[in-house]
Amino acid sequence: MVTLSDTLRPSGALADAGGPAPPVCGDDGGDGGNGGNGGDGGNGRNGAAAANRSAATAAPTSRTDPAAPLRILHRDEAVVAIDKPAGLLVHRSALDAHEPHNALHQMQAQLGMPLWTVHRLDKATSGVLLLARSAAAARALAAAFEAGQVRKRYLALVRGWPPAAGTIDQPLARDPERPSAGQPRVPARTDFTRLACFEWPFGDGRHASSRYALVEVQPLTGRRHQIRRHFKHIAHPLVGDSTHGKGAHNRAVAHWLGCGRLWLHALALELPAAAAGAALRVQATPGPEWSPLLAPLPDPGSPRGGSALRLD
C-alpha cells in the first residue's frame with residue numbers, strides 16, 4: 001500500500017495527475033483534521049485591512065513571477081477587477097511584513113492611478129478581486145458586500161466526499177485569530193454543490209486510498225475565513241489548509257498534482273446595479289493547476305444532473 005509519506009510521483013506531472021476516472025460518489029464522513037492558511041468569503045468596510053492576517057502561515061503557492069503584470073478581468077469608471085494569483089497579498093500587511101509585493105500597489109503602478117480595496121481575499125486564495133477607482137465607489141461597493149448583495153462563487157478541493165449538495169448554517173466566532181471561547185457568535189451560511197469525486201492511490205495508514213472532492217461554494221454571508229471554517233465544521237477541510245486540514249494529506253496532494261497551494265479559487269462575483277452603476281458579473285477561469293480536477297466527467301450524484309462547472 002502506498003502511504004502519504006511515500007514518494008507518489010515526480011513533482012510537476014500535471015498531464016496525468018488526475019489518476020483514474022472518479023468513481024460514482026457516495027457520501028462519507030470526511031475527516032476531523034485540524035491545522036490552515038488563507039482567508040475567504042470575507043467582506044465589509046474593513047475587510048481588506050483584515051484580509052491577510054494569516055498570510056504568514058500560508059501553504060506553498062503556485063505564484064512564480066511576482067513582477068508579472070496582473071490580468072485585468074474588467075475595468076470601468078468605478079471598478080477594476082483583476083485575477084489575483086495565489087501567493088499575492090491584497091495589500092501590505094504587518095503580519096507578512098517581509099513580503100514586498102501586493103495586488104493594490106502593483107495595480108496602482110500598472111495602471112498609473114490610485115485604487116481602493118473593497119473586500120478581502122487571502123494571500124493563498126486566487127481569483128476575482130475588486131478594486132475601486134474612487135473612495136466613493138469603495139464605500140458603495142463595501143456597503144453592498146456588507147449587506148449581502150454581492151453573489152460570490154468559489155471553487156474548492158476538499159478532503160473526503162461531502163454530500164452532493166447542502167447548506168452549512170453554523171454561527172462562527174467573530175475573530176478566527178483568537179480562541180473561540182467567550183467570543184460572540186455571528187450568523188454564517190454557506191451553500192455548496194459537489195462537482196466531482198476523486199479516490200487517489202495513497203493511504204493514511206488506515207485506508208489504502210484517499211478521497212477528495214471538487215466543490216462549488218457560495219458563501220451567503222461574509223465572515224472571515226468562512227469557507228475554511230465551515231468545511232472544517234462538516235469534517236471536510238480544504239486541501240492545502242494548514243490550520244484546519246492535515247499536513248500529510250496536504251503534502252501528498254501537492255505531490256500528486258504537482259502544485260502545493262490552498263485549493264480555493266474565487267471563481268465569480270455578481271454585483272447589483274446600485275453598487276456598480278450597472279449590474280456586473282466578473283469571473284476568473286481557474287489556473288492550469290486546476291485542470292486535472294476539472295477534466296474528469298461530472299459527478300453523477302450532483303443535483304445539476306451531470307452538467308459541468310458553469311463558466312459563463
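User: Contact here means heavy atoms within 4.5 Å. Which residues does Leu-238 touch, not counting residues up to four places away in sequence?

Analyst: This is a predicted model in which local features need pLDDT of at least 70 and side-chain atom pairs count only at pLDDT 80 or more, while totals for chains, interfaces and linings use all residues. Residues are numbered from 1 along each chain as its sequence is written, and side-chain values use heavy atoms, with hydrogens and water left out. With that sequence limit applied, the residues that Leu-238 touches are Ala-156, Leu-157, Val-158, Ile-227, Arg-228, Phe-231, Asn-250, Leu-262, Trp-263 and Leu-264.

User: Which residues touch the most other members of the largest nonpolar core?

Analyst: A nonpolar core is a set of buried Ala, Val, Leu, Ile, Met, Phe, Trp, Tyr and Cys residues joined through side-chain atoms within 4.5 Å; buried means under 20% relative accessible area, exposed over 50%, and partly exposed in between (1.4 Å probe, protein chains only). The largest such core holds 31 residues, and those touching the most other members are Met-107, Leu-115, Phe-231 and Leu-238.

User: Are Arg-153 and Glu-216 buried or exposed?

Analyst: Their side chains meet in a salt bridge, 2.8 Å from N to O, the term denoting a side-chain nitrogen of Lys or Arg within 4 Å of a carboxyl oxygen of Asp or Glu. Relative accessibility is 1% for Arg-153 and 2% for Glu-216, so Arg-153 and Glu-216 both count as buried.
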